[in-house]
Amino acid sequence: MPKFNHKNVFMKTGKSALSLLTVKLFRYIYADMDKKPSLIKLHANGSLKERTQIFKKLLEKCCLCPRKCGINRLKGESGYCRSGEKAAVSSFGPHFGEEPVISGTKGSGTVFFAYCVMKCVYCQNYQISQNYRPEKQVENLSEVILKLQNAGCENLNLVSPTHYASQIIESLDECCSRGFSLPVVYNSGGYENPEIVKLLAGVVDVFMPDIKYYDDCLSIKYSDAPNYFKNAIESLVIMADQTGDFAFDDNTKALRGVLLRHLVIPGNTQDSKKILFEIKNAVSSKICLSLMSQYYPCNKASRYPEINRTLMKKEYDDVVAFSMDLGFEYVFIQDVRESPYVLRPDFGKNAPFEF
Ligand code: SF4
């Protein structure tokens, strides 16, 4: 039995579980599979190069996210997210604060991209997603990726990659020529254009999207994201089709699959339940879930009194219990009293996290 070294607890749910915070991992999913990331094959047969060209063309009339701004990023035009022709990276390095199957023992090779396709009023990364200072930009994405591999990271973890999918694929093609071989983790806010997700087939090993809202009123109010759930759930189905069941290496490290995150927002447990219900119906209760309690009011959350507080334990436990009732088998949970305090990043520092 491996030891997990993080606040997240991975549990096998079931009505017999006595305590939500003391349950353990009861079962692993093993895969009889080629452990090499499928990206390597795409590079070897030239498909990744073709994909690079397709994506580059999309930047001429940008539709990388559901906003479909239609602007030409190759000519310096800028759309809703303000991202341009080149990827802007705020910071990068090994990260030990992800779910244990992602952080592993050597840390997840995290690239924090600047800007975002949403504007969440409570965004914990608002310093880089909404108030980004361009002078911090890292120029060469391929060098960043290879540095993370050379540092011994467990995987490449692309945080907020949606608006830079084109630049990421181009860089990965170059990295493959230079010996890149890590699993690729696509760590997004869930506001994806399903047609673009289809084009990521074989590039991404582990999709790690959020699903934040079911109700469009909430997604518009708190994230300025119309049609959020429709796009997120359609994309999730495609992600699950592309990657299959969650698979581990060495019993502990994510190799392939979907790890779906949901941040429980104060006062919105009914919305959380609708999300879980729809996920079970649209995908499966075998999907790996991460139910997060780390919400704390930051950025502009103080303008919304109803979410200007941390989550109550009974709210979080209610959502976790509902996931158990629905039969979800693989769920990461957090300590609701600790998580809002230990997981706060500060992107003003060289190392945004304190662990
Ligand atoms: S990625 Fe940015 S520019 Fe492109 S459609 Fe989305 S918001 Fe608009």
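**View 1. Pairing of strands β4 and β5.** In the predicted model, Leu 156 has Val 184 of β5 as its bridge partner. Strand β4 (residues 156-159) is joined to β5 by four bridges, and the two run parallel; strands pair if DSSP finds at least two bridges between them. Strands are DSSP runs (E, at least two residues) and helices likewise (H or I, at least four), numbered from the N terminus. From β5 (residues 184-187), Val 184 and Tyr 186 point one way, Val 185 and Asn 187 the other way, and all are buried. A residue is buried if 20 or more other C-beta atoms lie within 10 Å of its own, exposed if 12 or fewer, and partly exposed in between, with C-beta atoms placed from the backbone. In a regular strand the side chains alternate between the two faces of the sheet. Residues are numbered from 1 along each chain as its sequence is written. The model is predicted: local features need pLDDT of at least 70, side-chain atom pairs count only at pLDDT 80 or more, and totals for chains, interfaces and linings use all residues.

**View 2. Strand β2 and its partner β3.** Five of the seven residues of β2 (residues 89-95) are buried, leaving the strand mostly covered. Six bridges connect β2 to β3 (residues 108-113), and these strands run antiparallel. Pro 94 has Gly 109 as its bridge partner in β3.

**View 3. Helix α2 and its two sides.** The twelve residues of α2 (residues 47-58) reach 17 Å from first C-alpha to last, close to the 16 Å expected at 1.5 Å a residue (1.5 Å times one less than the number of residues). Leu 48, Arg 51 and Phe 55 are the buried residues of α2. Seen down the axis, these buried residues fall within an arc of 55 degrees, so they line one face of the helix; the arc is that of the directions from the helix axis to the C-beta atoms. Exposed residues Glu 50, Gln 53, Ile 54 and Lys 57 sit on the face of α2 turned away from its buried side. The cover over the buried residues of α2 includes α1 (38-44) and α6 (165-177), contact being C-beta atoms, placed from the backbone, within 7 Å.

View 4. Of the 14 residues around the ligand, Cys 62, Cys 65, Cys 69, Gly 79 and Cys 81 come nearest; a residue is near if its C-beta atom, placed from the backbone, lies within 6 Å.

**View 5. Asp 249 in strand β7.** Asp 249 belongs to β7 (residues 247-249). With 17 other C-beta atoms within 10 Å, Asp 249 is partly exposed.

Note on methods
Two residues are in contact if their C-beta atoms, placed from the backbone, lie within 7 Å.
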